[in-house]
Amino acid sequence: MRKLDYGVLVLLVLFCLILQSTLLATFSPWGLIPDLILIFVVSTALIRGSTDGALWGFFAGLGLDLISSGFLGFHSLLKMVLGFFIGLLEEKIFKDNLLLPAIVLFAATVIHELLFLTVAASYRQLEVRLLPVLSTIIFPLSLYNALLAPFFYAKLLGWYRSRSRYQGEGRRI
């Protein structure tokens with residue numbers, strides 16, 4: 001990939017950050033805001049592998065850390081780790097299957113939210129009731145993210161394929 005391609009991806013991450021923190025936060029059905037950054041990281045990891053998944057997870061998560069009022073580095077660490085481990089599936093999957101990103105993103109959202117909740121609860125000494133949180137927040141959010149995943153994944157996969165075809169990249173996508 002060329003430097004211009006990385007610039008386009010950085011703009012995509014910035015667009016996702018702005019959209020997630022403004023428009024989607026204002027017009028959130030059932031109080032749920034889809035995690036566009038997690039969708040981006042999971043899609044990138046499934047398409048490009050663990051290295052790109054971890055790198056984009058770290059930098060996109062850092063952007064989310066900078067616009068949120070939480071702990072600096074918390075989102076970047078979670079998204080980097082998820083991007084790395086999901087990226088390990090890259091060579092083992094059929095990339096044109098649009099059901100796979102939805103399933104993987106559902107599981108990734110559940111894991112992400114449980115890790116986030118665990119660390120936040122232990123740091124802030126909060127008492128969290130797991131079953132109500134699972135049924136009212138985590139599972140609906142996971143379903144919401146999973147429903148958006150195939151659309152985002154298909155566009156990103158098409159973009160990566162169009163760029164690699166003309167750049168003579170040795171790695172097939």
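**View 1. The largest nonpolar core has 30 residues.** Val13, Ile37, Phe40, Val42, Leu46, Ile86 and Leu156 have the most contacts inside this core. Such a core is a set of buried Ala, Val, Leu, Ile, Met, Phe, Trp, Tyr and Cys residues joined through side-chain atoms within 4.5 Å. Buried means under 20% relative accessible area, exposed over 50%, and partly exposed in between (1.4 Å probe, protein chains only). At least two core residues come from each of helix H1 (3-21), helix H3 (36-48), helix H4 (50-67), H5, helix H6 (99-124) and helix H7 (130-167). H3 gives the largest share, 10 residues. Helices here are DSSP runs (H or I, at least four residues), numbered from the N terminus. In soluble globular proteins, nonpolar side chains tend to be buried together.

The model is predicted: local features need pLDDT of at least 70, side-chain atom pairs count only at pLDDT 80 or more, and totals for chains, interfaces and linings use all residues. Residues are numbered from 1 along each chain as its sequence is written, and side-chain values use heavy atoms, with hydrogens and water left out.

**View 2. Helix H3 is largely enclosed by the rest of the structure.** Of its 13 residues, 13 are buried. From first C-alpha to last, H3 reaches 18 Å. That is close to the 18 Å expected at 1.5 Å a residue (1.5 Å times one less than the number of residues). Gly49 follows H3. The phi of Gly49 is positive, near 105 degrees.

**View 3. Leu46 sits in helix H3.** Leu46 is buried, at 0% relative accessible area. Its C-alpha is 6.6 Å from that of Leu89, 43 residues apart along the chain. Leaving aside neighbours within four places in sequence, Leu46 is in contact with Ile86, Leu89, Glu90, Ile93, Lys95, Pro101, Val104 and Tyr153. Contact means heavy atoms within 4.5 Å.

**View 4. Leu156 is among the core residues with the most contacts inside the core.** Its partners, leaving aside neighbours within four places in sequence, are Leu9, Leu12, Phe40, Ser43, Thr44 and Ile47.

**View 5. Asp35 and Lys79 meet in a salt bridge.** Their side chains come to 3.2 Å, N to O. Asp35 lies in the loop between helix H2 (23-26) and H3, and Lys79 in helix H5, so the pair ties together parts that are 44 residues apart in sequence. Asp35 is buried, with a relative accessible area of 7%. Lys79 is buried too, at 0%. A salt bridge is a side-chain nitrogen of Lys or Arg within 4 Å of a carboxyl oxygen of Asp or Glu. The whole structure has five salt bridges.

**View 6. Two further salt bridges join Arg48 to Asp52 and Glu90 to Lys95.** The closest N and O atoms of Arg48 and Asp52 are 3.0 Å apart. Both residues are buried. For Glu90 and Lys95, the N to O distance is 2.8 Å. Glu90 counts as buried at 10% relative accessibility. Lys95 counts as buried at 10% as well. Side chains of opposite charge can pair when their charged atoms come close.

**View 7. Leu77, Val81, Phe84, Phe85 and Leu88 form a nonpolar patch on the surface.** Together they have about 450 Å² of accessible area (Shrake-Rupley method, 1.4 Å probe, only the protein chains shown counting as cover). Patch residues have over 30% relative accessible area and no salt bridge; nonpolar side chains (Val, Leu, Ile, Met, Phe, Trp, Tyr) are joined within 5 Å, like charges within 9 Å. Val81 lies in helix H5 (residues 74-87). Val81 is partly exposed, at 34% relative accessible area.
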